[in-house]
Amino acid sequence: MARPNLIDKLKKALPASAQPPLDAIHRRARAESLPLYLVGGAVRDLLLGRPTLDVDLTLEGDAPALARRVAAGLPHVRCVVHSAFGTATLKGSGFRLDVATARAETYDRPGALPSVSPGSLHDDLLRRDFTVNAMALSLTGDRAGSIIDPFGGKADLDAKLLRVLHEASFRDDATRILRGARYGPRLGFRFEAKTLHWIERDVGFLESISGPRLREELTRTLREPEPQRILLRLQELGALRAIHRALSFDGRRAEAFETLNRLLREPSSTAYLALMAWDLSLQEAAALAARLALNRRQTEAVRAAPVARELERELSGRVKPSRTVELLSPFPLPTTWALAASGQERARRQALRYLRRWRSLKPALDGHALLAMGAKPGPRLGEVLRHLKAAKLDSEVRSRGDEERMARRLLGLSSDRRE
Ligand code: ATP
């Protein structure tokens, strides 16, 4: 019997802008009797009553062709096709809808990307990571509205268990360990006993995963609300060491993550990366950045972390604000935020004042003002401006008048008669 209530629930759970394209593709698949399914995390979240953000549809048939026909009838929707994968994405303002041809996957060697061929829904579910992600909601035909659950995903959902579909799962693709660790805190799930055993046995296969794939998984981890809990779990599982031998995470790092979370309303994953490299040597930080194939900005932040750590001692003493600015201004901002979250107490306060106030403080006078006062163009002008800025930071000058007097003295100009 058809149970359209889950389909209605899905449509209601989506942002308003995503409903017309989903309706359109659903109508057309029904009209053409095409077997269309909702799959993956969206089914899991729908059953859990959690908000659905990504809609992944699978078609037993030519998904790009269906997506193109649907997009042709929707004025504000773009259709991007990836022919090699048999997938298409419908994009509009504020939504994306992925439609994929059901496929089977085989792994030639651990960590390699899979070989893909068109397959049935069952094949498509079989290639997935955990049973709770291997369910489908049928959208068309006699079974419209019912859940297809060949691996017991619903029972695991109720028991809050993460269970892989077969014993070789982590050898095929060890990034599933990182994915599982993310679901733990997010959904309140734990690994089923055998799955945990297989993780412990196969964690070393993370070595076979390429840098770009690890970077992608790690940055997704760092975008979760409490990444420190996931990283502590990965440490316990031996996964961090398997990614790179110098990579580790402990309670102290977790506290620094929490501090960063309090300081920045939206913590940057780059600042988190800098924190992860905090205790490393220069060489280790560089090697970690290379292993994770970090982008330029991330690499700079990570490589600067051990250098910033060396500043903790000086910044913990009595340092003038101008000296703090001189020390910190060469550093990438994410690394300085890491210092503000992780250094010794006084060093942290200095870094925070630098980030929140001092780095944007400017003297009242600029180059034009100095020229108008009679200064000659040249490098001396820059020196005087820097001197003025330092004096302002250290409260040696407070008003524009103070600055003008100091500038005249430094430039050897006669003082204003009106004074
Ligand atoms: P999230 O909520 O974190 O986005 P998701 O479950 O939607 O999680 P995606 O990364 O968008 O995850 O992947 C969509 C689906 O594809 C997953 O639910 C899972 O079934 C499958 N999947 C993704 N990556 C893998 C993988 N490495 N191995 C097996 N299946 C995977």
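A polar contact is a pair of N or O atoms within 3.5 Å; within protein, one must be able to donate a hydrogen and the other to accept it, and residues adjacent in sequence count only if both atoms are side-chain atoms. This is a predicted model, in which local features need pLDDT of at least 70 and side-chain atom pairs count only at pLDDT 80 or more, while totals for chains, interfaces and linings use all residues. Residues are numbered from 1 along each chain as its sequence is written, and side-chain values use heavy atoms, leaving out hydrogens and water.

Start at the ligand. A polar side-chain atom of arginine 128 lies 3.1 Å from a ligand oxygen atom. For tyrosine 183, the distance from a polar side-chain atom to a ligand oxygen is 3.0 Å. For arginine 186 it is 2.6 Å. Alone, the ligand exposes 590 Å², and the protein buries 80% of that (Shrake-Rupley areas, 1.4 Å probe; for residues, only the protein chains shown count as cover).

Now turn to helix H10, residues 211-222. Helices here are DSSP runs of H or I with at least four residues, numbered from the N terminus. H10 packs against helix H11, residues 227-237, at about 130°, with the axes 8 Å apart. Axes are lines fitted to C-alpha atoms over the stretch in contact, and angles run from 0 to 180 degrees between N-to-C directions. H10 is therefore oblique to H11 (under 35 degrees is roughly parallel, over 145 roughly antiparallel, 65 to 115 roughly perpendicular, the rest oblique). Leu218, Thr221 and Leu222 of H10 meet Pro227, Ile230 and Leu231 of H11, with contact meaning heavy atoms within 4.5 Å.

H10 also crosses helix H14, residues 269-276, at roughly 105°, their axes coming within 9 Å. That makes the two roughly perpendicular.
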